[in-house]
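Please read the points below with the model open beside them.

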Amino acid sequence: MKQKPARRHPFLLSAALSLLTLSVLLWLVFRNHYQEIVQNILAASGGGVACALLLGIVYQGLEGLVCFLLVRRKHRAFTFAQAMDATWVGVFGNVVTFAVGAVPMQSAYLYRRGVSPGEAAGIMGMEYVLHKSSILLYGGVMLLLSGRALFRQHPTLLPYVAFGYLVCTGIILLLILLCTWQRFYRLISLGLRRLEQRPRWAERARRLLRQAEALYQGAGDLLHTPKAIWTGVGVNGLKLFTLYSIPYLCARSIGLDGLSLLQVQLLSSLTYVISGALPNVAGMGSVEAAFLLLFSRYLGQADVSSVLILYRLATYFLPFLVSAVVVEVIGLRLGASPRRHPKQK
């Protein structure tokens with residue numbers, strides 16, 4: 001008798017619980033203005049909200065394109081549809097595992113598609129580096145265009161932006177050194193092995209050691225291919241323009257026209273620079289705090305809260321719901337198909 005594939009209802013249950021938890025957190029933050037927020041959202045233009053939701057999906061499509069370009073370099077059979085699957089797996093894993101399982105889940109999916117574990121982890125690590133680097137570059141361009149007026153009007157924002165740039169730059173440099181400098185990699189490995197000897201930190205140290213080894217082995221060659229790097233940065237630039245345009249559409253949909261597209265692009269880019277230096281839980285918390293810090297300088301409390309809820313609906317909740325369905329379909333499909341191993345030389 002043919003065995004049925006294992007059910008994956010626990011995944012959907014975990015997704016539902018995560019969604020419920022995040023909804024409760026949003027309620028606790030915005031409960032003091034919920035009446036005005038509800039009125040704004042109910043009065044929002046359906047076309048504007050639909051465009052914002054569409055851009056949220058387009059953003060994930062461009063994320064998938066970056067993954068496709070990085071993997072396709074060595075695996076010509078890899079398709080854009082498979083890259084989108086990996087992207088949705090990352091979205092799902094970021095929420096359900098509170099961010100710690102996104103890269104392992106994506107790496108496991110790529111392994112099922114013929115990419116070696118070390119190379120898969122390296123590709124996902126370099127995709128993260130390119131994403132972070134693009135955020136800093138994009139924010140720098142926006143600051144050159146209109147940053148002087150912002151800091152002249154709101155000088156208290158400068159320390160937050162400087163701190164965000166400092167932390168994000170440090171993270172990127174550490175990852176690049178880990179990938180390219182053998183002596184630095186050995187030093188990190190030695191420190192993790194010593195930490196592994198302490199029972200309290202043993203499991204975490206072993207996991208970090210495996211990740212460091214995979215990143216060093218899998219990402220080294222990519223850093224020596226400038227064309228692939230700049231192509232990835234270019235696609236990321238288009239991806240970030242899409243992401244940073246969503247608050248503009250959300251604001252216009254509820255009748256707010258006090259901010260130009262360029263201003264929204266500047267504030268949104270700085271939102272992600274600052275949020276990159278703040279702790280978060282499953283991708284929530286840091287973006288919201290930075291968004292309120294910047295946009296509240298130009299919008300009232302109820303208005304900025306309404307825009308933020310619509311924005312996170314387009315960039316977080318809708319992609320999460322889509323990813324839960326996609327992961328369920330992927331699980332059923334992979335459960336019924338053989339694993340594809342890399343070809344042996």
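Which helix gives the largest share of the nonpolar patch? The points below begin with that.

1. Basis. This is a predicted model, in which local features need pLDDT of at least 70, side-chain atom pairs count only at pLDDT 80 or more, and totals for chains, interfaces and linings use all residues. Residues are numbered from 1 along each chain as its sequence is written, and side-chain values use heavy atoms, with hydrogens and water left out.

2. Nonpolar patch. Helix α2 (residues 34-42) supplies the largest share, three residues. The patch, of about 440 Å², consists of W27, Y34, V38 and L42. Patch residues have over 30% relative accessible area and no salt bridge; nonpolar side chains (Val, Leu, Ile, Met, Phe, Trp, Tyr) are joined within 5 Å, like charges within 9 Å. V38, in helix α2, is partly exposed at a relative accessible area of 42%. Here buried means under 20%, exposed over 50%, and partly exposed in between (1.4 Å probe, protein chains only).

3. Positive patch. R200, R204, R207 and R210 form a positive surface patch; Lys and Arg count as positive, and the place of an Arg charge is taken as CZ. R207 lies in helix α9 (residues 202-219) and is partly exposed, with a relative accessible area of 36%.

4. Overall fold. The chain has 13 helices and zero strands, where helices (H or I, at least four residues) and strands (E, at least two) are DSSP runs numbered from the N terminus. Of its 345 residues, 48% count as buried.

5. Helix α12. Nine of the ten residues of helix α12 (residues 286-295) are buried, so this helix is largely enclosed by the rest of the structure. Among them are E288, F291 and F295.

6. Salt bridges. The whole structure holds three salt bridges, each a side-chain nitrogen of Lys or Arg within 4 Å of a carboxyl oxygen of Asp or Glu. E63 and K239 form one of them (2.5 Å, N to O). E63 is in helix α3 (residues 46-72) and K239 in helix α10 (residues 226-253), so the pair ties together parts 176 residues apart in sequence. Both E63 and K239 are buried.

7. The α12 pair. E288 meets R312 in a salt bridge (2.5 Å, N to O). Because E288 lies in helix α12 and R312 in helix α13 (residues 301-335), the pair ties together parts that are 24 residues apart in sequence. E288 counts as buried at 7% relative accessibility, and R312 at 4%.

Terms used:
Accessible areas come from the Shrake-Rupley method with a 1.4 Å probe; for residues, only the protein chains shown count as cover.
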